[in-house]
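Please read them with the coordinates open.

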Amino acid sequence: MESLLHFARGPGFLFAFAFMVLGLLRHLFLMIWQIARTYIRAGDKSLPYSAIAISSLEWMFPIRKLRDQPVFSLTSIIFHLAVIIVPVFLLGHIELWQRGIGLAWPGISNSLADVLTVVAIVTGLALLLQRITARATRSLSRFQDYALPLLITIPFATGYLMMHPAINPFPYTLTFLTHLVSANLLFILVPLTKLSHMALLPGSQLVSELGWHWPRDAGSRVAASLGKEGAPV
Amino acid sequence: MTREKVLKSVLWFFTGILATVTVARFLKGLGATTALNDATPWGLWIAFDVMSGVALAAGGFMVAATVYIFGRKEYTPFARPAILTAFLGYAAVSVGLLYDLGIPLHVWHPIIYQQYHSVLFEVGICVMLYLTVLFLEFCPVILEHSCFRHPLFRKVHELLKSFAIPLVVAGIVLSTLHQSSLGSLFLITPYRVYPLWYSPIIWILFLISAAGLGLTVVITESLFSSWFFRHKSNLRLLSHLARAASVILFFYLALRLADLAARGQLGWVLTGSWQALVFVLELSLVALAVILFQSSRIRTSSVGLSIGALLSIAGVIGYRFNVSIVTFSRPENMSYFPSWIEIVVTLGIMAGALLVFIFFVEHLAVFPSESEVDEPAFAHPSASLAVNDPLTMRLLLPESIAAVRRYSLAALIGAALAVSLLSENVRSGAFDLKEPVSPPLQVTGSSEPSTGVSSITRLLAVFRERQRYESDSVRLFLIDGNRNGRLVVFDHDAHAVRLGGQAACATCHHENLPFRENTSCRECHRDMYSQTDIFRHPDHVQKLNGNQGCVRCHTEPGMIKTRDTSLSCGTCHTRRPEASRIIQSNEEGLKGLAPGYMDAMHNLCTRCHRMMVEESPADYERAFAECAHCHEEQGSSYVHDLGPYSAEGKL
């Protein structure tokens with residue numbers, strides 16, 4: 001068990017994290033390369049850049065999206081915030097970075113981390129529930145759409161148990177190992193699944209806009225038939 | 001299609017590994033990434049990447065000579081692939097050399113700082129010139145591509161073509177010079193090259209074996225290309241090449257044995273040493289290839305040709321390896337086996353060269369167009385239609401995009417894997433100084449010594465005289481943790497008696513293992529200079545009742561659970577004989593780390609010896625507390641020079 005732990009936090013973590021970082025860089029490179037390639041071949045090279053920029057920012061900071069689906073959007077925003085803040089700003093994790101690469105940054109208090117961890121688990125499950133119950137999302141969902149939210153809750157749940165060993169019904173080492181293995185698995189899955197949106201989101205609006213510009217005037221004609229003239233599609 | 005995808009993915013995988021270890025090599029240096037040492041400054045990178053790489057690329061000048069000098073035009077189909085192989089081979093040699101040079105940026109120095117008496121200078125200049133010649137020889141093939149339609153390029157093309165013959169001649173001259181000089185390098189180490197390999201004519205042997213090897217490499221490369229690109233290979237011409245190779249290799253074998261016999265060194269084969277076995281194996285590989293190539297049936301089948309060619313390649317590369325690494329003599333305790341980084345750098349450079357070879361063949365007219373094609377070769381990547389690529393789970397991507405996705409993923413996996421394999425030493429750039437401790441030698445002696453330590457008699461005499469023993473029988477410990485011959489003679493029983501018998505055990509024996517009475521020092525102080533982790537976490541978890549016990553040591557559950565944030569051992573383990581113990585410092589901060597053996601022994605012994613001198617100066621002279629009192633052999637000045645080793649290790 002101890003040797004497994006040693007592996008998961010040593011070479012296992014290094015592989016998973018390097019795979020994630022390099023994999024996201026690969027995605028960025030591929031995206032830029034394919035955008036350039038498409039643009040060179042596009043029939044219509046006039047792109048509404050300012051509209052694309054605004055639309056990209058709207059999706060990256062979706063405050064204005066709150067109007068359309070307030071409950072779902074709010075749950076999603078809170079989930080994303082918690083999922084980003086807890087692992088990055090947890091004091092224990094920062095200390096590990098400090099030991100490993102000598103970099104440290106301000107963290108959040110452990111009690112706030114506890115609250116946000118519970119929030120992440122609850123909102124994650126709520127989003128999954130919403131996906132299952134709504135017919136439209138159910139018909140759009142793939143296996144990874146169900147599996148990933150469940151997988152994401154595992155490192156959070158085990159992390160919470162590790163912070164409170166007194167209420168942990170499982171052996172500590174097993175909890176620790178589950179925490180490490182599930183987190184490593186997530187790191188590996190990031191470049192291979194839709195989780196890669198963490199790097200690709202800023203370019204997504206440009207990519208979809210560019211798609212409509214391949215044959216000349218195709219975009220504006222589709223926009224006209226959808227009744228969305230002048231707006232990015 | 002499949003063989004292309006699989007092979008290219010594997011090659012990109014190794015290239016990915018190479019990318020990561022390249023960063024490690026150039027950031028952290030040779031010491032942290034290689035197994036090279038003072039006795040073996042030339043390791044795998046020289047033996048394979050340079051010595052064997054240059055020999056493997058000898059096909060270029062052999063085929064060029066055959067076609068352009070001897071006018072055997074029927075071998076023209078082999079010329080372009082052979083020159084490309086040679087060019088990439090020498091490029092790989094140069095890249096490999098950059099990894100091996102301590103200061104890679106100084107690789108151009110031979111051009112300016114010319115050492116006319118140095119063989120290495122001759123090799124360096126020759127390889128630089130020949131790489132240029134090979135590039136110019138191959139340039140016309142590149143300039144034929146449709147990218148270079150500009151009249152200026154056409155002019156350059158014509159110019160280079162008119163220089164073909166002078167370039168070929170220059171190539172042959174340069175090859176002859178440095179292929180042999182690689183052997184001449186070993187003429188300055190006659191006593192380190194094993195007698196079965198050392199020869200005053202080693203440079204002739206290197207040249208002849210390279211010539212034979214060059215032809216078998218052309219055969220191998222031709223067979224590989226016809227398999228990979230689905231060309232039909234011209235077995236009749238290949239069998240002629242095999243025939244020529246077998247003649248050259250036979251001449252090489254005969255000359256080598258004749259040289260050994262003439263100088264009376266052949267008897268070394270009969271010594272039964274492992275070197276003799278290696279010698280027989282190496283020569284029989286080449287001999288087997290020569291014999292196989294005598295049969296025209298074997299020579300005209302692609303399987304027979306492959307086996308024969310691979311045997312001879314193994315034999316001649318084995319020659320280079322044996323001369324430069326395997327049988328190269330070195331001190332007993334300084335063996336060399338390449339580190340994994342050295343191995344993957346070699347593999348990665350080969351993979352990269354092969355990828356460039358495939359790229360050139362796919363995009364340039366390397367193979368003559370009139371060669372018959374077994375079945376439609378796969379078309380130019382971007383011309384093919386959408387395909388289903390199960391690896392990236394993308395449907396309907398054009399092959400050009402799918403290929404980039406696939407091979408970048410393969411390289412990515414390799415790069416990430418290499419990151420995880422880099423050990424702590426490589427990442428921190430520290431040297432691995434692990435030096436496990438061996439137990440003290442126990443000597444029971446009266447008049448005759450009972451161990452093989454040569455100086456024991458003298459030490460016993462010195463010791464007995466000093467202690468003025470009454471009894472004839474003495475039991476001594478010779479403390480020499482890393483077995484480097486510098487030992488301290490320690491009389492355990494005399495110390496016990498002097499300190500007060502049974503009751504005094506705890507004076508020296510402090511943190512004994514549970515339920516153990518006579519724990520040897522080295523059971524905890526396991527490394528000569530570095531700290532050892534002696535804390536057993538699983539045992540404590542079990543003893544303290546699982547999760548409920550975490551807070552007993554990790555008082556703050558929210559904090560990261562490390563050695564630094566938990567209570568020290570002494571908080572719970574208080575029932576230890578305190579007062580009589582010599583080692584008492586560091587008690588509060590003790591976290592289950594045992595200092596290095598040398599530090600531990602020095603602390604224990606010198607502390608007590610100093611106390612004795614201070615407490616009763618009448619009985620003990622000052623010298624009693626000085627190094628030379630115990631370190632009998634070295635003499636005090638030497639020991640004083642040793643300087644303190646730091647006990648701080650990363651754990």
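How many residue pairs are in polar contact between chain A and chain B?

1. Two residue pairs between chain A and chain B are in polar contact, both at pLDDT 80 or more. A polar contact is a pair of N or O atoms within 3.5 Å; within protein, one must be able to donate a hydrogen and the other to accept it, and residues adjacent in sequence count only if both atoms are side-chain atoms.

2. On the side of chain A that touches chain B, the elements giving two or more residues are α1 (2-41), α4 (91-101) and α7 (143-163) of chain A. Of these, α1(A) supplies the largest share, 15 residues. Helices are DSSP runs (H or I, at least four residues), numbered from the N terminus.

3. This is a predicted model: local features need pLDDT of at least 70, side-chain atom pairs count only at pLDDT 80 or more, and totals for chains, interfaces and linings use all residues. Residues are numbered from 1 along each chain, chains are lettered from A in the order written, and side-chain values use heavy atoms, without hydrogens and water.

4. Chain A and chain B each bring 29 residues to the contact (heavy atoms within 4.5 Å). The buried area, meaning accessible area (1.4 Å probe) lost on being put together and summed over both parts, is about 2500 Å², with 65% of it on carbon and sulfur atoms.

5. Within chain B, Ile248(B) belongs to helix α11 (residues 235-262). Leaving aside neighbours within four places in sequence, Ile248(B) contacts Met62(B), Ile208(B), Ala211(B), Gly212(B) and Leu215(B). The C-alpha atoms of Ile248(B) and Leu215(B) are 9.5 Å apart, with the two residues 33 residues apart along the chain.

Technical notes: Buried area = accessible area lost by both parts, 1.4 Å probe.
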